[in-house]
Amino acid sequence: MKNEAMQKAIRIIRDEHRSIAAVLHALKHLADESYSDATVRPDFTVFRAMIRYIDEYPERLHHPKEDAYLFERLAARAPKAHALVDGLRAEHVRGAALVRELERALVFFEEGWPRGAFEFRAAVDAYSEFHWAHMRKEENEVLPLCEENLTAADWDAIAAAFGGNTDPIADLREKDFAQLFSRIVSLAPAPIGLGEPWRKGAPA
Ligand SMILES: [Fe+2]
Ligand SMILES: [Fe+2]
């Protein structure tokens, strides 16, 4: 039934966006704090876990599924969506490059703390602003066009791919990301997560 599969697929895609947004919000908050108080040494394990999540979840699982299923079907059904879909595919490529910059900025920050806080925060801002705009475009433009143009068979395939029933893209499992997400929450300092507050420390 078109409606059931459609609703399931849309719900999963929105949920995946919410998880990504939660990690981005937390990362941005902690990057801002690290920049504004250079006397507190960040727990770099938290930053590394967050960036690993961003690298693997949106970049290696969520985006490839959008490319292979959602965008593919939309482009086939609605020629008027070609420009939009091409733009979003290009953004997926750009997102991967921004993550590499984020990783480089983190290495520089960790090795040079408290130097590098400004550059790290700038890289976090660049990625998070880029990704929020990207997700908004998908939710406000792509999903309504998909609702309008996709068939029941399309939605079945999309719901199955996003539901984790088939995972042709990579050997990555949703449950691994649920575990990584919980780890981020338990490590991140309150009020962002459940971990201990970061302490003041002397630069190395
Ligand atoms: Fe996307
Ligand atoms: Fe997305």
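**Ground rules.** The model is predicted, so I take local features only at pLDDT of at least 70 and side-chain atom pairs only at pLDDT 80 or more, while totals for chains, interfaces and linings use all residues. Residues count from 1 along each chain as its sequence is written, chains are lettered from A and ligands numbered from 1 in the order written, and side-chain values use heavy atoms, with hydrogens and water left out.

**Entry 1, iron ion (ligand 1).** I looked up the donors (N, O and S atoms within 2.8 Å of the metal, or 3.2 Å for Na, K and Ca; water is not among the atoms, so sites may look incomplete). I got Glu66 (OE), His92 (NE2), His134 (NE2) and Glu138 (OE), at 1.9 to 2.2 Å. Along the sequence they follow E-x25-H-x41-H-x3-E. The 4 donor atoms subtend angles of 84 to 171°, so I filed the arrangement as irregular. For that label, four donors are tetrahedral if all angles lie between 85 and 135 degrees; four are square planar and six octahedral if opposite donors are over 155 degrees apart and all others between 65 and 115; anything else is irregular.

How far apart are the iron ion (ligand 1) and the iron ion (ligand 2)? I have them at 3.3 Å, with Glu66 coordinating both.

I used DSSP runs for helices (H or I, at least four residues) and strands (E, at least two), numbered from the N terminus. His62 and Glu66 are about one helical turn apart, because 4 residues separate them in helix H2 (residues 44–77). His134 and Glu138 are likewise 4 residues apart, in helix H4, about one turn.

His62 and Glu66 are both buried. His134 has a relative accessible area of 1%, so I call it buried, and Glu138 is buried at 2%.

Most peptide bonds are trans. I noted a cis bond from Trp113 to Pro114, omega near 5°; Pro114 is in the loop between helix H3 (82–112) and helix H4 (117–149). The bond from Ala190 to Pro191 is cis too, with omega near 5°, and Pro191 lies in the segment after helix H6 (174–187).

How values were computed. Buried < 20%, exposed > 50% of the residue type's maximum accessible area, 1.4 Å probe, protein only.
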